Amino acid sequence: MSRVTSIGKSRAVLITGGASGLGAALVSRYAERGDHVLVTDLAAEAEVPAGARYQRLDITSPPDWAAALQRVRVDLGGLDVLVNNAGVAAGGRVDRIDDMHWRRVLEVNVLGAVNGCRAFSPLLKAQGHGHVVNVASLAGLVHPAAMSSYDASKAAVVALSESLRHELGPWGVDVTVVCPSFFRTNLAASLGGEDPLMDQVAAKLISRAPLGAEEIAARVLRGVDARRFLVLPDRSARVAYWTKRLVRPLYDRQMFAAGAKIRRAELSEKTPTVSEEPV
């Protein structure tokens, strides 16, 4: 397959978690541009746009990643963009979530991305070009109360991305980390249920978010095309990020206030008001 790796020309793209949510929106955007997309997800089969290919991939399985690498070599002749998008939502007060919860969140959200980077970095380095896109979250930069497992996992993805940016950059490989705030998607379905109060809050915040997956996907592609390292695709993410960096006392007051509301809700067994939650 003949490919030209420049903006506006067809590229080879692999997207994890591409059967639904933000992953599916990214698949559609890349496919619309005429790129050759390998869609991966946990299902044995999935409907994908015309011209795209599908392969089952469990991101926690190194053998599955090896099979995906072989598929890319044979069918696409190389890879221009690796999008580590798959992950699980998580939340919960630290005394309400157990070790199995922590292991699941870290294995999927952190090691899933690590496995993809480990599998494909030799190919990208040998090519002398490519782009790794790790989908993290605003939670990787801003750390609200009662989200310790998710915060920790996404902060690890941000750190992984920054390290790889400096490691792979000399080989001609770009790295982008995407950190959106809440947006409308099916991610709430992956909440574990260990802390129903916080799951309910997260589900409401997701359902009431102003932007959907399609809008976020369009902004992500613009950031990737511009070769930006950090992509904050929505206003809420940008406001929270810069508040923490530039007005730390205000940020801390907001976060402590949110923690106090959670305490009151726990004592009274009421769910915090969603409109009062910080971004």
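**Inside and outside the model**

Mentor: The structure holds 1 cavity of 30 Å³ or more. Keep in mind that this is a predicted model.

Trainee: How much space lies in the largest cavity?
Mentor: About 80 Å³.

Trainee: Which residues are closest to its centre?
Mentor: N84, A86, N109, G112 and A113. They belong to a set of 14 residues that line the largest cavity.

Trainee: And which elements give two or more residues to that lining?
Mentor: Look at α3 (99-127), β5 (130-135) and α4 (148-168). The largest share comes from α3, with 4 residues.

Trainee: How do the lining residues divide into nonpolar, polar and charged?
Mentor: The lining of the largest cavity has 7 nonpolar, 6 polar and 1 charged.

Trainee: OK, switching to the surface. Which residues make the nonpolar patch?
Mentor: W242, L246, V247 and L250 make a nonpolar surface patch of about 380 Å².

Trainee: Where is L246?
Mentor: In helix α7, which covers residues 235-246.

Trainee: Why does L246 count as exposed?
Mentor: Because its relative accessibility is 64%. The cut-off for exposed is over 50%.

Trainee: Where is A146 found?
Mentor: In the loop between β5 and α4.

Trainee: Buried or exposed, for A146?
Mentor: A146 is buried, because its relative accessible area is 15% and buried means under 20%.

Trainee: What about R227: what is its phi near?
Mentor: Near 60°, again a positive value in a residue other than glycine. R227 lies in the loop between α6 (213-225) and β7 (230-231).

Trainee: Is R227 buried or exposed?
Mentor: Exposed, with a relative accessible area of 57%. So A146 is a buried residue, whereas R227 is an exposed one.

Trainee: Why does E162 count as partly exposed?
Mentor: Because E162 has 41% relative accessibility. Partly exposed sits between the buried cut-off of under 20% and the exposed cut-off of over 50%.

Trainee: What separates the C-alpha atoms of E162 and G128?
Mentor: A distance of 19 Å. Along the chain, E162 and G128 are 34 residues apart.

Definitions and conventions. Residues are numbered from 1 along each chain as its sequence is written. This is a predicted model: local features need pLDDT of at least 70, side-chain atom pairs count only at pLDDT 80 or more; totals for chains, interfaces and linings use all residues. Side-chain values use heavy atoms; hydrogens and water are left out. On a 1 Å grid over the protein atoms alone, a cavity is a set of points where a 1.4 Å probe fits but cannot get out, and a pocket is an open set with protein on both sides within 12 Å along at least five of seven lines; lining residues have an atom within 4 Å of a point. Grid points are joined across faces, edges and corners, and a volume is the space filled by probe spheres set on the points. Ala, Val, Leu, Ile, Met, Phe, Trp, Tyr, Cys and Pro count as nonpolar, Asp, Glu, Lys and Arg as charged, and the others, Gly among them, as polar. Patches are made of residues with over 30% relative accessible area and no salt bridge: like charges are joined within 9 Å, nonpolar side chains (Val, Leu, Ile, Met, Phe, Trp, Tyr) within 5 Å. Accessible areas come from the Shrake-Rupley method with a 1.4 Å probe; for residues, only the protein chains shown count as cover. A salt bridge is a side-chain nitrogen of Lys or Arg within 4 Å of a carboxyl oxygen of Asp or Glu. Buried means under 20% relative accessible area, exposed over 50%, partly exposed in between (1.4 Å probe, protein chains only).
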